Amino acid sequence: MHAIDKDTVHRLCSGQVIVDLATAVKELLENGLDAGATLVDIKMKDSGLASISVSDNGQGIKEEDRISLCRKHWTSKISSFEDLEGVDTFGFRGEALSSLCAVSKVTVTTATEETAPMGVQLEYNGNGELAETTTVARERGTTVTLTGLFTRWPVRLQDLKKNIRREYLRLVGLVEQYAIISDQARVTMSNQTKSGITVAVRTPPQADRMARLVAVLGAQVRPHMTQMGYRPADSAVADDDGLELLIEGNISKPIPEAGRSGSDKQYFFVNGRPCDFPKAKKLVNESFRSHCPTKYPVFAISISINATTIDVNLTPDKRTILIRHEPQLLAALKEALANVLEPQESMFSVNRVQTQLIAEPAPRDNPDRRNVISVKTSVPGVVMCYVEDSKSKDIGGPVNNKRPSGHDTDFNPPPSAASRQRLVEHMGRVISRPQPTSVSRPADPKPTSKKLPNIVIGTCRNRMQNDEHDWQGIAARLQEKQERRTRMLEESQQGQVLPDEYADIDTAVAKSGISETNPEDASSALSQLIHKTDFARMSVIGQFNRGFIIARLDQDLYIIDQHASDEKYNFEQLQQRAVISSQPLIRPAQLELSVVDEGVAIEHKETLMRNGFHVRVDDTEAPGRKVSLLSQPFIDQTLFNQQDLLELVGKLCINPESMPRCERARKMFASRACRRSTMIGDSLSLTQMKAIVRHLSDLDHPWNCPHGRPTMRHLHRLKD
């Protein structure tokens, strides 16, 4: 055993604090904000490869502190461990500048209010010791300049150069978080390259949260965001410390055009500190997707809580936080989300125009007319809801089965005033949602004895179909079918106890055998049983019922759906290889994107082009306006729009290496793959069956077809 020398210890510890470009800039940005700055300006050269400079107009560095500024664990924020309970600054451990000295050359220029406009330039060596002092002109504040980042770390330097564009965009995303939460400071960030200077982040000074969100994410988010604010009425908890809690911020409205395809624009702040809060993030996404299942929200949620009830000293970047009263906080967050999301269900739009429910009593000259609830809009057409006839004394009785068109006037007498009032209240809670746009039959539907709900909904352009369904009978048959399946499964397993080494397989097979309504469970169970490369080792036994392939792998028999398997192969081939046709625009449409989204769009121009979106980049334009759309894709006479483009960009932000497709294109590819695939009822030769099975081994996800139908099931384990 021997002691590690101080220089090696310093470099080892510093390498855990400054791990990439983003953490290097983050530490300097936090120092500027901690100094009380109202302006923090970040200037990059060649995306940080040449130099990084962070300037602020804070209080500056006093003369007596300059010699110890970059020493390890020297700080002005705390004096003892107990001070952590009340710390309200971003930094407090005295590691940032010391670690930066170990991974780069650090130069500090500073002046205090007393010495300005005269300042000093300080140069520090790799151990954080002051090496040289020079007098310079400087207004009050501090500028820290880093050059040669990771020069002494060849592996990290090589990785940084290789992925510099991705690292720079990740840095922009991190700076955006501080720009959103910094109420009293203006944050700017620019990058100087051979082609000129590009401003990546610029927030207005001392602006409200919504203005900073618009400055960071783009003007397109303004009409789609709603404000949230919540303080629990009773924050008392079981222990001695009371929970003082305030939740506020902004979140997307639960409508498809407001959300994103990915969860990349989601920010949590606890006591003004950007942090990672996975449980809260999951809660927000689940709450939002319960109202808008196809999208993820954009949100910036700030949580204020007692400083004594949280611990931020878990990781060097301080983004992981422990909260003593986490269950109470999550419960309050859930209630806050319900308060802001659920009222949105009482509004809907026709062609994006807000509507209002208005009760219209029956006209005096036509007492036989039904009472009408009209939804007034500013576009042609009126959505009308009709109550039941006069034979029923209250809402809930039989309904006249004639479904009128949007302008029919042959209605039955209105219900009582009490029923009318209850209907209006019921409408406000239940009916104010976007209605299905299915097209009705040309002729009037046949009479039926079906009991409808309290109201019938129709529109002048899109009327609902009056399909006949015996819901109780359907439910009974489904329940009987499920019980029969479970009983058959139990009977088939009696007397067939597998050896211990196959106990987990038995459990997985049992799970997958009864999960036809849950493709995710089936996929999980099958992936535990075999690996997708095992399809190449399967031997085909034959075809069953001209719809399924029986295959054997070692001692296990599998039944493979020939249509679902071939469909999934064709679908993935289309996803990877198809080039979508484009419709050129008469005039290029300039896009307004956030800086990160714009950078992703520029970096993945070829991917967007393969999806039919041809874009042009103009470096002379301001950040967020450099990308113009030249053409839009169309498939089967369906023209895609900018919302689909933003969906693609969001997916590329999350997984840059993928070949994504927007959801509408995915559905069309699934339909094409279905039509060109082997069908149930087709007789297959042994060669054809082998080809279908072999193709499964080449797929990214062979367990389900594009529509969620499982491709295979485990049949039986043969005896040795």
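This is a predicted model: local features need pLDDT of at least 70, side-chain atom pairs count only at pLDDT 80 or more; totals for chains, interfaces and linings use all residues.
Student: Which residue meets Asp-561 in a salt bridge between side chains?
Tutor: Residues are numbered from 1 along each chain as its sequence is written, and side-chain values use heavy atoms, with hydrogens and water left out. A salt bridge is a side-chain nitrogen of Lys or Arg within 4 Å of a carboxyl oxygen of Asp or Glu. With an N to O distance of 2.6 Å, the partner of Asp-561 is Arg-709.

Student: How many residues apart are Asp-561 and Arg-709, which the pair links as distant parts of the chain?
Tutor: Helices (H or I, at least four residues) and strands (E, at least two) are DSSP runs, numbered from the N terminus. Asp-561 belongs to strand S24, whereas Arg-709 sits in the loop between helix H18 (686-696) and strand S29 (712-717), and their separation is 148 residues.

Student: Is Asp-561 buried or exposed?
Tutor: Buried means under 20% relative accessible area, exposed means over 50%, and partly exposed lies in between, using a 1.4 Å probe and protein chains only. Arg-709, at 34%, is partly exposed. Asp-561 has a relative accessibility of 5%, so it counts as buried.

Student: With which residues does the side chain of Asp-556 make polar contacts?
Tutor: Asp-556 is found in strand S24 (residues 556-561), and its relative accessibility of 10% makes it buried. A polar contact is a pair of N or O atoms within 3.5 Å; within protein, one must be able to donate a hydrogen and the other to accept it, and residues adjacent in sequence count only if both atoms are side-chain atoms. Such contacts, each of 2.9 Å, join the side chain of Asp-556 to those of His-714 and Arg-717.

Student: Which residue forms a salt bridge with Arg-212?
Tutor: Arg-212 is buried, with a relative accessible area of 1%. The closest N and O atoms of the pair are 2.5 Å apart, and the partner is Asp-183.

Student: Where does Asp-183 lie?
Tutor: The pair links distant parts of the chain, 29 residues apart, with Arg-212 in helix H6 (residues 209-217). Asp-183 counts as partly exposed at 36% relative accessibility. Its place is the loop between H5 and strand S7 (186-193).

Student: Which residues touch the most other members of the largest nonpolar core?
Tutor: A nonpolar core is a set of buried Ala, Val, Leu, Ile, Met, Phe, Trp, Tyr and Cys residues joined through side-chain atoms within 4.5 Å. In soluble globular proteins, nonpolar side chains tend to be buried together. Of the 63 residues in this core, those touching the most other members are Met-44, Leu-100 and Met-189.

Student: Which helix gives the largest share of this core?
Tutor: The share amounts to 10 residues, and the helix, which spans residues 164-181, is H5.

Student: How many disulfides does the count come to?
Tutor: A disulfide is a pair of cysteine sulfur atoms within 2.5 Å. The sulfur of Cys-70, a residue buried at 0% relative accessibility, is 3.8 Å from its closest cysteine sulfur, in Cys-101, which is too far for a bond. Cys-674, partly exposed at 25%, has its closest cysteine sulfur 7.9 Å away in Cys-705, again too far for a bond. By this rule the count of disulfides is 0.

Student: What is the phi of Phe-150, which is not a glycine?
Tutor: Most residues other than glycine have a negative phi, and most peptide bonds are trans. Phe-150 lies in the loop between strand S6 (141-147) and helix H4 (154-162), and at 1% relative accessibility it counts as buried. Its phi is positive, at about 65°.

Student: What pLDDT does the chain average?
Tutor: Over residues 367-416 the pLDDT stays under 50, although the model has 146 contacts (heavy atoms within 4.5 Å) beyond four places in sequence for this stretch. For the chain, 72% of the residues score at least 70, and the average is 75.

Technical notes: pLDDT is the predictor's confidence in each residue, from 0 to 100.
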